[in-house]
Structure formats: structure tokens, C-alpha cells
2 protein chains.
Amino acid sequence: MQGELRIIGLPGIPEVLPSADLPALLMAAAQAQVGGFENGDVLVVTQKVVSKAESRLVDLTTVTPSPFAEELARNWNKDPRLVELVLRESRRTVRMDQGVIITETKHGFVCANSGIDQSNVPGDTVVSLLPEDPDASARGIRDAIKQRTGADVGVIVSDTFGRPWRMGNTDIALGVAGISPLLSYVGQDDPYGYRLRVSVSAIADELASAAELVMGKVSGVPAALVRGYEFTPSEGSARSLVRSAERDLFR
Amino acid sequence: MQGELRIIGLPGIPEVLPSADLPALLMAAAQAQVGGFENGDVLVVTQKVVSKAESRLVDLTTVTPSPFAEELARNWNKDPRLVELVLRESRRTVRMDQGVIITETKHGFVCANSGIDQSNVPGDTVVSLLPEDPDASARGIRDAIKQRTGADVGVIVSDTFGRPWRMGNTDIALGVAGISPLLSYVGQDDPYGYRLRVSVSAIADELASAAELVMGKVSGVPAALVRGYEFTPSEGSARSLVRSAERDLFR
């Protein structure tokens, strides 16, 4: 059983420039806020700063839309250059309606606009793409923290996704390192002796959502620390959060 | 900006019997764990104990399945009495496949088996139904705490739902009182001056997910306290988390 968690926002991270040393910025922020990382901490970092450090920003003025993107954009009153990028970053279109394009990204995530958005980036025409390999991004941050401070932390790269059926967005895990994103209770007994058969918690998504509560969208806090969450260290990968086509009733 | 949250599990709640004084049990647990509730706390209580206190348990041996339920159950190798209850508690069937029945409940929630399940209830043939009106359940707990301790707390009745596209379950808000479940950033500017147009966070779902991390499924901790989350008090209703048919691409 977990007793008590602390969810600690990490403010004071300066503008993240392409090829910034993001782990160093995160370590400085953790140092200032709580005296540094400890073994067993889970660090949640928003996709936005990871994408910036990995130079995954694109200026729309450099994008030439295809005729197909032009046509879609005309139908939905969208920027054809943005539509072009959304299509390029996608493997498949899941739904297009009401001005919303839901795609499956190259990684397998199903989300609006292939995860591309315009908020929290500098410049009127600049958008951010998702990291090429968010697990590798998480692993890079984890390894750097381990190497430079000795602390063994779990790392989650988070993003903000909408959901079918429910209003509002929640943060989810896009990349994971050092922690298994799923916690299975299958085969365990509840306190009444009932054997759980299907209970698996998406703890990486729940940790990302918990972190979002201290980050918000306008406060410039792109990372948070979860302290006190007990987990079994594991390589981990956010790919295990992606439901396979065979097990998905809503493709 | 939120600085730091504490997510505090409330163990020690005894078996909740029908027409138990659930607020009294929650108050005793909070007293033991943190000296009682404070203004601005958010109390998250699992659906299971709420349903028990509201006598929403059904013994399957008392259920007579309709011929239609019998047929569905035969096709999917399920208990016809359970299928009968799932249909009774639903307004509409969204998907039936792979032995899974996804329904829209009378409240409008889309979930597996109309939210009915067998875990964490006493007896081999007993299942729990969702509360009739989870907002009213939350309001009842909130009002009782206010009346008896003076503390003004937000209350969320939580449940564990699966999601399309992603593996694993997360906890969401089924009932809400004293806090608005959605936090809108629409019309606010990000730190770069970009005006947010669509950003709305489902904070009640994120709070429920955060609470799940200290509750788990086998540890007998049916409630948790979130302390330090700043919110504007509001009547609140989990109905505002239900996406209307017109705005839903995945009905």
C-alpha cells in the first residue's frame, strides 16, 4: 500500500532552446525546489520541453501543403500547412469531423492533430511535434540524472490528450523509463478473497495526470516530481500503454 | 499556480454496511490520518463504499434474466444474471465484442458492464451497482462533513474505467460536489502570449487518478485526501464531464 505521495511542481525552468541540456535544467529546478532528486522519485516532464530540446519545432511558413492537405484544410477551415504536418506525423486517420482530426501517430498513439500544437512555443507560426521516440527521450533524462547525481528515478514524458465520451483533457504518458507503466492485479485477491481477473491500472497515465495538477497550461511549470510512490524499478515503455488493434473495439 | 500537493490514503475504514454512516467513517479515518479535514481539501471516495452505504449491492441469485440476456450471455460465455443487470442499468449498448459489453449508463457514463463489478464486495454472488445519483452521493458526504466539522471540502466519488486505444484503467470522477470538474484555460494566454482556444482540463478525473495511486485495488483503502490543491469552490457536477452526443465522434 502507498501511504502518502507528494506532487511537487518544478518551476524556474528557463526557455528550453534546441539542443539544450534538459536534464541539467531539470536537476537545477529539483535542486532549488527540494534539494535534488532522490532514489524512487518519479519525474514527469511535459512533451513540450522535450520536443524543444530535441529540435522538434517546425515553422509553418516552411511547410508546403500537398493538394490533399489543401483540400482537407478548405473543408474544415484549418491551416493547410498544419494539416500537412498532421498527416505527415500520422500513420492513419481515425476520425475527421467537426474540425477535429484524430490520427494514429507513428508511435501508435491515438490523439488530436498527431499531437501537434501551437501553445507554449515561441513565435506565431511555430508548432511542436511529438518526440520521435518518447521512451528514448525519457531514458535519456533518466540516464543523465543517474549518471550525474546517482539518483535512480522513474521518468515519464507526458502529454495532454482528449478522450471519447468525456469532456476535458487529462495528461497521459507518452514516454516512460525506469518504471512499468502498468500495474497488474490479475490473480491477486481483494480483501474479500475475490480473485481479480481483469484489473490493470495505467499508473504512468495516473502519475502524469497527478503531475498535471501542479503544472497547468499557463504557469510555465513544465515538470513535476512525484515523491513517495512505491514502484518496482523496470525498464518500462509507453508502448505497452498502446492498445493493440485486436484488443480495441474503437479503432 | 499550484505549488505542492499531498495525496494521502485514508486506511482503517471498516466494512461499510448498508445504510452505514459513511461520512462518519470518513471523518474518523481523516482524523486518525491527518487530524481531520481542512477547508480546501478534496476528498476522493471510491464508488464501491458509496454503493455499499446506499445499499446498491445485488445478489445475482435474486436476478431472473430475460430471454435476450440469456442469449447474449450464451454467445459470450457470461453469467446471464449479470448480463441482465448490465442491460437494466444501461440506457444504450455502445459495443459488444470479445466478451466485453460497453454501455452508456442511465447517468450517461460510457463504461464496461454499466459499472457493475464483483470485486471488493462480500459474497461470491454479490455485485455492486453504481450509485443512482453519484453527484447527490458526493453532495451528501460534503454536506455532512461541513455540518459536523465545519470544513468546506470538495468531494469526488471515483470509479475505475477502461479507455479506448490505451491499455490499463484509470480512475475517473463519477460524482462531484463543491468543486468544478473542469478547469478551462480558454481565452487565457500561455507564457508566449498564445491565446489558448481549446484547453480544458478534466481536473476531477485527474484528482481521481491521483487518489487511485494511494488506494490500489487490494489494499482496502477506499478513500484518499488531496491537500494543497487550489480550486475555486463551486457546486460542481460530474454530468459536465459527460460529452454530449453532438460533440462526440465515438458514440
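Predicted model: local features only at pLDDT ≥ 70, side-chain atom pairs only at ≥ 80, totals over all residues.

I began with an open sheet of 3 strands in chain A, which has the order 4-5-6 with antiparallel pairing. Its edge strands are strand 4 (90-97) and strand 6 (110-112) of chain A, each pairing on one side only. The twist from one strand to the next averages 30°. For my own record, strands are DSSP runs (E, at least two residues) numbered from the N terminus, and two of them pair if DSSP finds at least two bridges between them.

Residues are numbered from 1 along each chain as its sequence is written, and chains are lettered from A and ligands numbered from 1 in the order in which they are written.

Next I checked strand 5 (residues 100-105) of chain A, which pairs with strand 6 of chain A in the antiparallel sense over 3 bridges. There I found A:Thr103 opposite A:Cys111 of strand 6.

How is chain A superposed on chain B? A rotation of 180° with 0.0 Å of shift along its axis does it, at RMSD 0.0 Å (least squares on C-alpha atoms of residues with pLDDT of at least 70 in both copies). That is the relation of a two-fold axis.

Last, I looked up B:Ile7, whose contacts (C-beta atoms, placed from the backbone, within 7 Å) include A:Glu4, A:Leu5, A:Ile7 and B:Val226, not counting residues up to four places away in sequence.

Terms used
Helix = DSSP H or I, 4+ residues; strand = E, 2+ residues; numbered from the N terminus. Axes fitted to C-alpha atoms, helices over the stretch in contact; angles between N-to-C directions. Contact = placed C-beta atoms within 7 Å.
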